[in-house]
Amino acid sequence: MAGTQREAALVALLETITAVANTSDDLEDAARAVLSAVCEATGWPLGHLCVPADIGEDFVSADIWSGPIGDFPALREISQAVRFSPGTGTIGRAAATGQPVWSRDIAVDPLFFRAQQGRDLGVRAAFAFPIVAADGVAAVLEFFSVQPAEPDEPLLRVMASLGHQLGRIVDRRTAQTAVQAGRDRLRQVIDTSVEGFVSTDAAGRITEWNAAATRMFGRSRQEVLGRMVHETIVPERYRGADQAGRARFLATGQSNVLGRRLELAGARPDGSEFPIEIVVWATREDGAWAFHAFIHDITDRRRAEQALRQAYEAEQATVTRLRELDAAKDAFIAAVSHELRTPLTSLIGYLEVVADAEAGVVEASPPGRRMLEAMTRNAARLQNLVEDLLAISTLNADHLEIEAVPVPAGEVIEAALRVTGAAARDSGHVFRVRVDDGVDRVAGDRDLLVRAVGALLSNAVKFSAAGTPISVHASATGQQVAVAVTDRGAGIGADELPHVFERFSRTRYADEHAIQGVGLGLAIAKAMPRRTAAPSPRPAPRARGRPSP
């Protein structure tokens, strides 16, 4: 009968502590109930709770007792003063092993070091069992008897089981703490977000509202919680659609807006509207749907876009005007050049007649003849400038059509040399011409080709020292003819190379040494059309070489 009663008491103890483990959320409250229940079931007068120390791995007394602890002052005083390191004492052994520990007689048990302090503790037997949670031992419960007692194996097994059940209290509390911490972090993130955050229940009542939403819509959290969202932030003309969309989703699970980034309009308390970008999603919470939205005020972005559009339109208008001015300038240059060409041609012709001694029109003294030569030379220079202006205007015209015909490459070079010959003789330059075998005809406009090669030769004459040789080399490169002009001039600075083919571009060297020219020669050479005609056996030539400054 005694055994049956003992088993019934253990079962009752197990049921009591299981109920405590399943219903309690606080470890200390649960520990008090367990200490009392175990003392009552075992008849042992004292129970004690030990918990992990604030720092380190030791355990210390929580000063939570069950029973008349006032009758055992030495036990209480010593228990509060010591720290139980892992494996040390009954508390440390239970914490280290995760298993119950029994001390039959603490007076002779070296494990129970509190009895070795030279004071009568008033107790003789003790056992302890750990509360084991998922993260380890969360606490240790110990019990005392005033008489020595042999180990009670059934009781220890029950205590081991109860220790794991009580650990669920700690696990639940840990999980709740983690969940709450996550919620707190999420709320902090949402509250500090620069985007407005709004949540509603299934009916559309506002349940969450962060600080950014307050700034954006001009309504406080207390003012909007519980209000219908469509009556609070949705413009009146969109309210019906908002309600209909929510109802359709709740009825069918289908939505045209959830998860999409939309640009809509928001409403302020005074009815004014402003552009917003919104993303809405739905979650199922406790069996009911909830809707959440991040909202961004895009007023500044819309203003920036409008400013960009206006700037682009202004830029396009400026580009159009510049093109018109450029066309007008080209037309003016062409018209003036045409008007200058006829009188210059006549003037040069008369100067040649006057300068011809055999014609006998004018008998000039040596000084007068030098003046006539200077007039003839400068008139020719003006004529070349006019021809360059006409050439660049013609080459830049969109309507220019070139009828390419086969032209011998050597003939082009000879004609360019004749054009540059007078200037070369005056400066003492000598041309060295080499035309490789296989260089035949090229397809192009003869006059334009001569002008392109002549521009390279003219630069070589102007920018190389007097008397130095100038080389002209024509070679076949695949289906093309390459003409290279090489001189011994001063060269061009690396910073000026990107500009040598621009119209009216002159280098610092040209300005410093007052070299004649307006910077059109290389621009004309580059502007030569590259279109070729079918009858030609080879494409049009490509002039290359080291351009002079």
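This is a predicted model: local features need pLDDT of at least 70, side-chain atom pairs count only at pLDDT 80 or more; totals for chains, interfaces and linings use all residues.
Does Phe112 count as buried or exposed, and at what relative accessibility? At 1% relative accessibility, Phe112 counts as buried, where buried means under 20% relative accessible area, exposed over 50%, and partly exposed in between, with a 1.4 Å probe and protein chains only.

Residues are numbered from 1 along each chain as its sequence is written, and side-chain values use heavy atoms, with hydrogens and water left out.

Phe112 forms an aromatic pair with Phe144, edge-to-face, at 6.2 Å centre to centre and 85° between the planes; rings of Phe, Tyr and Trp (its six-membered ring) pair if their centres lie within 6.5 Å, and planes under 30 degrees apart count as stacked, over 60 as edge-to-face and the rest as tilted. Phe112 sits in the loop between β3 and β4, and Phe144 in strand β5, 32 residues apart, strands being DSSP runs of E of at least two residues and helices runs of H or I of at least four, numbered from the N terminus. Phe144 is buried too, with a relative accessible area of 0%.

Turning to charges, Arg187 in helix α5 and Glu208 in strand β7 are 21 residues apart, yet they form a salt bridge with closest N and O atoms 2.8 Å apart, the criterion being a side-chain nitrogen of Lys or Arg within 4 Å of a carboxyl oxygen of Asp or Glu. Arg187 is partly exposed at 35%, as is Glu208 at 23%.
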